[in-house]
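Subject: Structure handover

Hi,

Here is the structure we talked about. Please look through it before you set anything up; my notes follow below.

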Amino acid sequence: MPSAAADRPGNGTPLLEVSSLVVHHGQLRALDAISLRVFPGEVYAIIGANGAGKSTLLRTIAGLHHPTAGSVRFDGEDVSRVRPERRAKRGIVMVPEARRLFGSLSVQENLLVGATYARPGPWTIERVYEMFGWMRERRGQRTAQLSGGEQQALAIGRALVANPRVLLLDEVSLGLAPVVVQRIYGMLPQILATGLTVLLVEQDVSQALRVATHIHCLLEGRTTLAGKPADVTAGQVEAAYFGLGPAAAAADGAEAADTPGAAGGGSADAAPPGEGSEP
Ligand SMILES: Nc1ncnc2c1ncn2[C@@H]1O[C@H](COP(=O)(O)OP(=O)(O)O)[C@@H](O)[C@H]1O
Ligand SMILES: [Mg+2]
């Protein structure tokens with residue numbers, strides 16, 4: 001019987017390890033004992049409804065919230081007390097929810113901002129321009145004049161020029177038309193090919209299941225399901241997402257049983273929640 005870790009890429013040391021993480025916003029326990037391990041080369045997707053704690057998790061990994069308990073380890077080192085900009089320098093780089101670009105700056109200036117804490121590595125502004133050809137042509141344009149999809153691409157480009165080792169993507173599909181979402185996720189293979197690992201947050205479950213090597217569902221700050229997309233059924237995902245019935249019991253907090261046996265689910269094509277929900 002193989003252990004959960006045995007069938008994960010990078011076998012051995014996780015690049016990112018979150019252990020028993022508890023985060024409060026005032027009195028609110030936004031994350032309650034969250035554990036996860038992300039191995040090199042993975043696309044690890046955090047799913048869950050609005051308010052589940054997904055952004056809080058990503059922001060805590062990036063160093064923007066302080067945990068009440070638990071730890072964040074990166075490449076074998078405890079970074080729980082490391083400041084955000086130092087985490088960025090080590091390779092933890094986030095594309096925040098709602099992008100947070102500087103609207104009055106030009107496209108190129110936003111990319112230069114991203115390069116501020118850059119590590120050495122394959123990504124340069126030139127390389128971003130190669131991936132998104134339109135960006136070079138419009139590099140002098142004010143960012144506020146770009147469409148939502150273009151701004152999202154720019155936000156990703158800004159993160160890439162920092163040469164992340166793990167790229168944290170918070171809801172890149174939010175508010176974008178499906179065709180634009182496909183275009184953005186279509187860049188993922190090129191990004192992964194440069195050796196990056198991706199931890200993403202996605203409210204659209206079917207989108208997450210299409211791209212992820214591992215999914216992890218949160219509900220009100222708790223883990224309700226974690227496993228490989230092929231090993232979970234649409235029903236289990238739906239139950240975990242909405243907190244229905246025994247799927248929550250199948251959750252392993254992290255990697256324990258690599259989840260629910262109920263085999264052969266064809267999970268990705270069975271209309272889980274989120275399908276078509278966000279235009
Ligand atoms: N800065 C904050 N101050 C107070 N409450 C917050 C803050 N950020 C998030 N919350 C609350 O924490 C919970 C989790 O939020 P969040 O992590 O943004 O969820 P998600 O990204 O899954 O929608 C929600 O109840 C939200 O209202
Ligand atoms: Mg969020």
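Predicted model: local features only at pLDDT ≥ 70, side-chain atom pairs only at ≥ 80, totals over all residues.

First, a question of confidence: over which residues does pLDDT stay under 50, and how many contacts beyond four places in sequence does the model have for them? The stretch is residues 1–7, and the count is eight contacts.

The protein chain has an average pLDDT of 86. Of its residues, 84% score at least 70.

Now the ligand. Around ligand 1 sit His 25, Gly 26, Leu 28, Ala 30, Gly 48, Asn 50, Gly 51, Ala 52, Gly 53, Lys 54, Ser 55 and Thr 56. By type, the shell has eight polar residues, three nonpolar and one charged. Strand E2 (28–38) and helix H1 (54–62) each contribute at least two residues to the shell. H1 has the largest share, with three residues.

Next, a helix pair. Helix H3 (residues 107–114) and helix H6 (residues 148–160) have axes that come within 7 Å. They cross at roughly 35°, and the crossing is right-handed. On the H3 side, the contact uses Val 107, Asn 110, Leu 111, Val 113 and Gly 114. H6 brings Leu 154, Gly 157, Arg 158 and Ala 159. Sorted by type, the contact of H3 with H6 has five nonpolar residues, three polar and one charged.

Best wishes

Key: Residues numbered from 1 in each chain as written. Chains lettered and ligands numbered in written order. Near = placed C-beta within 6 Å. Helix = DSSP H or I, 4+ residues; strand = E, 2+ residues; numbered from the N terminus. Nonpolar A, V, L, I, M, F, W, Y, C, P; charged D, E, K, R; others polar. Axes fitted to C-alpha atoms, helices over the stretch in contact; angles between N-to-C directions. Left-handed = near helix turned anticlockwise from the far one by under 90°. Contact = placed C-beta atoms within 7 Å. pLDDT = per-residue confidence, 0-100.
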